[in-house]
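Please keep the sequence and the model in view while reading.

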Amino acid sequence: LQMLEQQVLGGEQAQNKDLKEKHKRRTKYADERRLQLVAALQESNEDSSERALLNVYDSIQEEVRAKSKMLEKVQEKLRAAETEIKDLQLEFGLEKMDYLSTIRRQERDLMLCQQLLDQVQSLVRRDCNYSNLEKIRRESVWDEESGCWKIPEPVIQKTHLP
């Protein structure tokens, strides 16, 4: 019985060198794979270690459970990304509304200033350079350093008759 046991190795013939070599390669590959998995578990975070382990399953049910868990995590990340997108869109919408209200307010202020200028222009003396607003606009220059308009000084032009 002992002699038969020594001749048979795992249901295979112990004398067959090809089978011994094949068995050694399998065990060597299994050891290398185990070392890789251990290294991946130690080095990687949870997601990448699960990816490394997904290729080693005992049964189809275990594979289905593992892939279902991975699917749930991916779906959770997708929901988080969709929520973030909605938040950013809402924030963008609020900023847009704020900009539009600022533009409307500035347009109203501009219209008020324009109407005031139109009313006041008729009260300015004809011999003053401010009686012609278009001329003042052409002569005005924007100063980048101070951030304001440089407009000409008011001058009254007196004409002397001979």
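## Aromatic pair

Rings of Phe, Tyr and Trp, the last represented by its six-membered ring, are paired if their centres lie within 6.5 Å, and the planes count as stacked under 30 degrees apart, as edge-to-face over 60 and as tilted for the rest. The model is predicted, so that local features need pLDDT of at least 70 and side-chain atom pairs count only at pLDDT 80 or more, while totals for chains, interfaces and linings use all residues. Residues are numbered from 1 along each chain as its sequence is written, and side-chain values use heavy atoms, with hydrogens and water left out.

A search of the whole structure gives one aromatic pair. This pair joins tryptophan 142 to tryptophan 149 in an edge-to-face arrangement, with 5.5 Å centre to centre and 70 degrees between the planes. On the scale of relative accessible area (buried under 20%, exposed over 50%, partly exposed in between, with a 1.4 Å probe and protein chains only), tryptophan 142 is partly exposed at 39%, whereas tryptophan 149 is exposed at 54%.

## Salt bridges

Five salt bridges are found in the whole structure, each defined as a side-chain nitrogen of Lys or Arg within 4 Å of a carboxyl oxygen of Asp or Glu. One of them links aspartate 127 to arginine 125, with an N to O distance of 2.7 Å; aspartate 127 is partly exposed at 22% relative accessible area, and arginine 125 is partly exposed at 46%.

Another salt bridge pairs glutamate 134 with arginine 137, whose closest N and O atoms are 3.3 Å apart. These two residues are about one helical turn apart because they lie three residues from each other in helix 5, where helices are DSSP runs of H or I with at least four residues, strands are runs of E with at least two, and both are numbered from the N terminus. Glutamate 134 is partly exposed at 45% relative accessibility, and arginine 137 is partly exposed at 45%. A further bridge, between aspartate 143 and lysine 150, has an N to O distance of 4.0 Å, and lysine 150 is partly exposed at 45%.

## Two buried serines

Serine 131 sits in the loop between helix 4 (60–121) and helix 5 (133–139), and it is buried, with a relative accessible area of 15%. Its side chain reaches the backbone oxygen of cysteine 128 at 2.9 Å. Leaving aside neighbours within four places in sequence, serine 131 is in contact (heavy atoms within 4.5 Å) with Gln121, Val124, Arg125 and Arg126.

Serine 140 belongs to the loop between helix 5 and strand 3 (141–143) and is buried at 13% relative accessibility. The side chain of serine 140 reaches the backbone oxygen of isoleucine 136 at 2.7 Å. Not counting residues up to four places away in sequence, serine 140 touches Trp149, Lys150, Ile151 and Pro152.

## Largest pocket

A pocket is an open set of points on a 1 Å grid over the protein atoms alone, where a 1.4 Å probe fits and protein lies on both sides within 12 Å along at least five of seven lines; lining residues have an atom within 4 Å of a point. Grid points are joined across faces, edges and corners, and a volume is the space filled by probe spheres set on the points.

The largest pocket has a volume of about 330 Å³. It is lined by 14 residues, of which Leu117, Leu133, Ile136, Arg137 and Ile151 are the closest to its centre. Helix 4 and helix 5 are the elements that give two or more residues to this lining, and helix 4 gives the most, with six residues.

How values were computed:
A polar contact is a pair of N or O atoms within 3.5 Å; within protein, one must be able to donate a hydrogen and the other to accept it, and residues adjacent in sequence count only if both atoms are side-chain atoms.
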